[in-house]
Amino acid sequence: MASGHRLLLENARQVVLVCARGERFLTRAALRSLAVLEGASLVVGTDGFIKAIGPADAIQRQFSEETFEERIDCSGKCILPGLVDAHTHPVWAGERVHEFAMKLAGASYMDIHQAGGGINFTVECTRQASEDELFDSFQQRLLCMMRAGTTLVECKSGYGLNLQTELKMLRVIARAGRELDVSISATYCGAHSVPKGKTATEAADDIINNHLPKLQELGRSGEIHVDNIDVFCEKGVFDLSSTRRILQGGKDIGLQINFHGDELNPMKAAELGAELGAQAISHLEEVSDEGIAAMATARCAAVLLPTTAYMLRLKQPRARKMLEEGVIVALGSDFNPNAYCFSMPMVMHLACVNMKMSMPEALAAATINAAYALGKSHTHGSLEVGKQGDCVIINSSRWEHLIYQFGGHHELIEYVIAKGKVIYKK
């Protein structure tokens, strides 16, 4: 039927638009009051994009003659944009629950890394796993994320550290993008660690001379799809000059720069990212004041990861300073074997409590600003006409319950919708 639509969400107590004027990100004063409609309805077309949002009675009049594949009565409930997880490592084999015990007993991240654990342990297991095994576990993890409200997720490779395994991981990510309902931003993270037997310079040479040309070739043929390039810029991993060369190499083949910086030691990674035109930098626990100022000027998003600082007992990223300076602050779960968290609602709660963000700041950081960090805020991250119909319906009269009820998202979330299609129903 030509005039049909996919979905009508009607009579919601609150619809949290986040943005109402096509903003690509929110900073400073714009974060104090997000756009919220009371007593509103929302229509998603058969193409999966939002056709109308407005007062329930006006929408009812406008669409009274129309047919819908599905209608959901949202009386007394809240509709929020689908959450965006701007930083995950979800493709791997090899649980690291034994290392959590070591960390609790006082071992640092780098202690475990240097003893052959950490990334190295996961790399061994991931190299041995088949593509199907990796896909099956990855699919289960994505389903867990979706049930917690995530509809757009950044997914990194980086547990191969050789071309063959990195490509295996990227094929798995590309397959998930084709077969699953969640939207994916794919990141090549071959510089996640320096492989055994190589120096950082040799590893960088291999990536620039062998990995990147192959990524470009397979991207053109459609076998894989890569959006971003990432490097773990850290003392004892990739220094500033190797990081610069790899990121520039990625930029030269059309990838967005989105990398790990200033996590365990101050490295001037933020300054480098701003200079190279990075879309985003993650972690930033040890960022300098100059780095913060440079990121604000360059409109380079800061992807903060409250789970990591919490689990590794690091000092918290200076979210308040970044917000005051006008940095575009985003959030990610950093899901990986070291920080096993699927839930952006829990990430937002930790951001509020441990990083002193307000609830509107945290929601913007997990929606429009996280979408901006992935270069996708023109289509994702807010509920506006023309954007993809991704949303979360919670059984509560105020949207803040999604953040306030720590670990309560399983009970609160009634529906998760992607492109106007119900992908999870409680």
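I took helices (H or I, at least four residues) and strands (E, at least two) as DSSP runs, numbered from the N terminus. The model is predicted, so I kept local features only at pLDDT of at least 70 and side-chain atom pairs only at pLDDT 80 or more, while totals for chains, interfaces and linings use all residues. Residues are numbered from 1 along each chain as its sequence is written, and side-chain values use heavy atoms, with hydrogens and water left out.

**Entry 1: the annotated span.** I looked up the UniProt record, an unreviewed entry, whose annotation "domain: Amidohydrolase-related" covers residues 79–422. UniProt positions are in the numbering used here, feature names are shortened, and annotations may be inferred rather than shown by experiment. I found 45% helix and 16% strand in residues 79–422, with the end C-alpha atoms 13 Å apart.

Entry 2: I traced eight strands with parallel pairing, in the order 6-7-8-9-10-11-12-13; two strands pair if DSSP finds at least two bridges between them. Strand 6 (83–85) and strand 13 (329–331) are the edges, and each has a single partner strand, so one side of each lacks a neighbour in the sheet. From one strand to the next the twist averages 25 degrees. Angles run from 0 to 180 degrees between N-to-C directions, and axes are lines fitted to C-alpha atoms, for helices over the stretch in contact.

I then checked strand 10 (residues 256–261) and strand 11 (residues 280–283), which run parallel and are joined by four bridges. Phe259 is opposite Ile281 in strand 11. Helix 8 (residues 240–252) packs on the sheet, where it touches strand 8, strand 9 (228–231) and strand 10; contact means heavy atoms within 4.5 Å. The direction of helix 8 makes about 175 degrees with that of strand 9. Helix 9 (residues 269–276) lies across strand 10 and strand 11, at about 175 degrees to strand 10.

**Entry 3: helix 6.** Helix 6 (residues 163–179) has 17 residues and spans 24 Å from first C-alpha to last, close to the expected 24 Å. The expected span is 1.5 Å times one less than the number of residues. I listed its buried residues, among them Leu167, Met169, Leu170 and Ile173; buried means under 20% relative accessible area, exposed over 50%, partly exposed in between (1.4 Å probe, protein chains only). The buried residues of helix 6 pack against elements including helix 4 (119–128), helix 5 (131–147) and helix 7 (200–221).

The axes of helix 6 and helix 7 come within 11 Å and cross at roughly 35 degrees. The contact uses Leu163, Glu166, Leu167 and Leu170 of helix 6 with Asn210, His211, Lys214, Leu215 and Leu218 of helix 7.

**Entry 4: strand 15.** Six of the six residues of strand 15 (residues 413–418) are buried, so strand 15 is largely enclosed by the rest of the structure. Strand 14 (residues 391–394) is joined to strand 15 by four bridges and runs antiparallel to it. Four bridges also join strand 15 to strand 16 (residues 421–425), again antiparallel. Ile417 stands opposite Cys391 and opposite Val422 in strand 16. The hairpin of strand 15 and strand 16 has two residues between the strands, and Lys419 there takes a positive phi near 50 degrees.

**Entry 5: positive phi in loops.** Most residues other than glycine have a negative phi. Arg299 has a positive phi of about 55 degrees and lies in the loop between helix 10 (289–298) and strand 12 (301–304). Arg313 has a positive phi of about 55 degrees, in the loop between helix 11 (306–311) and helix 12 (319–325). Arg313 is exposed, with a relative accessible area of 60%.
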